[in-house]
Amino acid sequence: MTPQSPLDILDTNTLEELARIICGDDHLYYRKSYEIAQFLERAGWQQVPEYDGYRKDWTLARLTERRDDPTELEKILLRLADPREYLDEPEQLPAVVSAVNAFLIHEGVRLENPGGRPRLVACDPSLAHPSNQGPVELRAAMTDLINDQQMAGLLQHRLDEARTCYANGAHVAAIIMLGSLLEGVLVHVVQERDASLLGRTSPDRVYLDALIKTCHEAGWIGADVERFCHELRKYRNFVHPRAEIREAHVPDRDTLNMCWPVVNAVLNDLADSQPKAA
């Protein structure tokens, strides 16, 4: 049995944007007129008519003809995220996926291609509005805070994974990932700025609670940030299922929306308190 497509009937404006992406331009993967029909066939469409007309108008007409069959449109979207479509210009793939998601998210779905295997996943359309991500804008990059470039890259990856969890409604997973990120950032900041603050405790064994207090007492994060960090720490402990059972509370989108600005505020405070280079 074929799985039901997460797509619904797409809005007319969405179809127009999709036609634009398929045709491409100077900034995205460009397809000549005859290549568009070939693309539709590679996506799995049967009985594609011979090309005749203007590129975008012809493409939009073909999409509109199959608008009532979401599975046919899903084939097109998945092909757009397929690395095999860009063997001559592999660097185009991320740009195309990003361009598609910029409008597709309004339909409550987004394209993913983990491991080069394209798929459509349901997501919250409110993610299309950056203002809903939280009131604290992140001003710092991980490489601004941590000298260890390997660790900075790893922690940035954790932040990206938290965004993926957010986009797919995995609220508990996102909060746990944010707590892990917070612990990793704080322990490395303490090590690099003043390792003596750890005392005789190994960096591998120091608790997040102690790290939060240490960074506040050192003047690297504010009192308000410290207070809310402890709330995030409690939710981070939901990595242990019994902790979640004891709290009798299942974190939801609102919980995550309160936790995310805490992490941004920590990173901003650490950036502002960064020692000046001599």
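Me: What percentage of the residues in the protein chain is buried?
Reply: Buried residues (under 20% relative accessible area, with a 1.4 Å probe and protein chains only) account for 42% of the 278 residues. Please note that this is a predicted model, in which local features need pLDDT of at least 70, side-chain atom pairs count only at pLDDT 80 or more, and totals for chains, interfaces and linings use all residues. Residues are numbered from 1 along each chain as its sequence is written, and side-chain values use heavy atoms, without hydrogens and water.
Me: How many helices and strands are there in the protein chain?
Reply: The protein chain has twelve helices and two strands. These are DSSP runs numbered from the N terminus, with helices being H or I of at least four residues and strands E of at least two.
Me: And in what pattern along the sequence?
Reply: The order is α-α-α-α-α-β-β-α-α-α-α-α-α-α.
Me: New topic: where is Q47 found?
Reply: Q47 lies in the loop between α2 (33-42) and α3 (55-65). Its phi is near 55°, which is a positive value in a residue other than glycine.
Me: Why does Q47 count as exposed?
Reply: Q47 counts as exposed because its relative accessibility is 76%, and exposed means over 50%.
Me: What box do the C-alpha atoms fill?
Reply: Taken along the principal axes, the box is roughly 75 × 50 × 30 Å.
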